[in-house]
Amino acid sequence: EIIINSKGTLDKFIGDCIMALWNAPQRLRAHERAAVGASLDMQARLVELHHIWALEGIPSIRFRVGINTDAVLVGNFGCEYRISYTVLGDGVNLASRLEAAD
């Protein structure tokens, strides 16, 4: 919901990861600010959830983000058996590495 409200595109779920992008398919001015703002909003929401979960005895979880802006390929990729709208390129790989860095 936070990603969509910030004009982001929810690309896919990868295990416990959410992959999202901004500035595609619709152009978005200040897409960098939108991505960072969504990240901060998600962190704030997680703090709220931790308070709720603590009352219910549910353990807290960690939240990490990798944000990068770069020229990437955007579109429908795949083959005759499966096609997916996604992004490809070094910039995507760097964002993934940044998210994984501790």
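In this predicted model, the side chain of asparagine 23 reaches the backbone nitrogen of leucine 28 at a distance of 2.7 Å. Asparagine 23 sits in the loop that runs between strand E2 (17-21) and helix H2. Once neighbours within four places in sequence are set aside, the contacts of asparagine 23 are Leu28 and His31. His31 is itself listed among the buried residues of H2.

With a relative accessible area of 38%, alanine 30 is partly exposed.

Positive phi values turn up elsewhere too. Lysine 7, in the loop between helix H1 (2-5) and strand E1 (9-14), has a positive phi of about 70° although it is not a glycine. Lysine 7 counts as exposed because its relative accessibility is 60%, above the 50% limit.

Helix H2 itself comprises 25 residues, and the distance from its first C-alpha to its last is 37 Å, close to the 36 Å expected at 1.5 Å a residue. Its buried residues are His31, Ala34, Ala35, Ala38, Ser39, Leu46, Leu49 and Trp53, and the buried residues of H2 pack against H1.

In soluble globular proteins, nonpolar side chains tend to be buried together. Here, the largest nonpolar core is made up of five residues: Ile3, Trp22, Ala34, Ala35 and Ala38. Helix H2 (residues 31-55) gives the most to this core, contributing three residues. As for isoleucine 3, its contacts beyond four places in sequence are Gly8, Thr9, Leu10, Ile18, Ala20, Trp22 and Met42.

Turning to charged side chains, the count comes to three salt bridges. Side chains of opposite charge can pair when their charged atoms come close.

Another salt bridge joins glutamate 48 to arginine 45, whose closest N and O atoms are 3.0 Å apart. Glutamate 48 and arginine 45 are three residues apart in helix H2, so about one helical turn separates them. Both are partly exposed, glutamate 48 with a relative accessible area of 44% and arginine 45 with 36%.

Arginine 64 and glutamate 99 also meet through their side chains in a salt bridge, at 3.6 Å from N to O. This pair links distant parts of the chain, 35 residues apart: arginine 64 lies in the loop between H2 and strand E3 (73-78), and glutamate 99 in helix H3 (residues 90-100). Arginine 64 is partly exposed at 33% relative accessible area, and glutamate 99 is partly exposed at 25%.

Finally, a word on the cysteines: the structure holds zero disulfides. Cysteine 17 is partly exposed, with a relative accessible area of 27%, and cysteine 79 likewise counts as partly exposed, at 42% relative accessibility.

Terms used: Residues are numbered from 1 along each chain as its sequence is written. This is a predicted model: local features need pLDDT of at least 70, side-chain atom pairs count only at pLDDT 80 or more; totals for chains, interfaces and linings use all residues. Side-chain values use heavy atoms; hydrogens and water are left out. A disulfide is a pair of cysteine sulfur atoms within 2.5 Å. Buried means under 20% relative accessible area, exposed over 50%, partly exposed in between (1.4 Å probe, protein chains only). A nonpolar core is a set of buried Ala, Val, Leu, Ile, Met, Phe, Trp, Tyr and Cys residues joined through side-chain atoms within 4.5 Å. Helices (H or I, at least four residues) and strands (E, at least two) are DSSP runs, numbered from the N terminus. Contact means heavy atoms within 4.5 Å. A polar contact is a pair of N or O atoms within 3.5 Å; within protein, one must be able to donate a hydrogen and the other to accept it, and residues adjacent in sequence count only if both atoms are side-chain atoms. The expected span of a helix is 1.5 Å times one less than its number of residues. A salt bridge is a side-chain nitrogen of Lys or Arg within 4 Å of a carboxyl oxygen of Asp or Glu.
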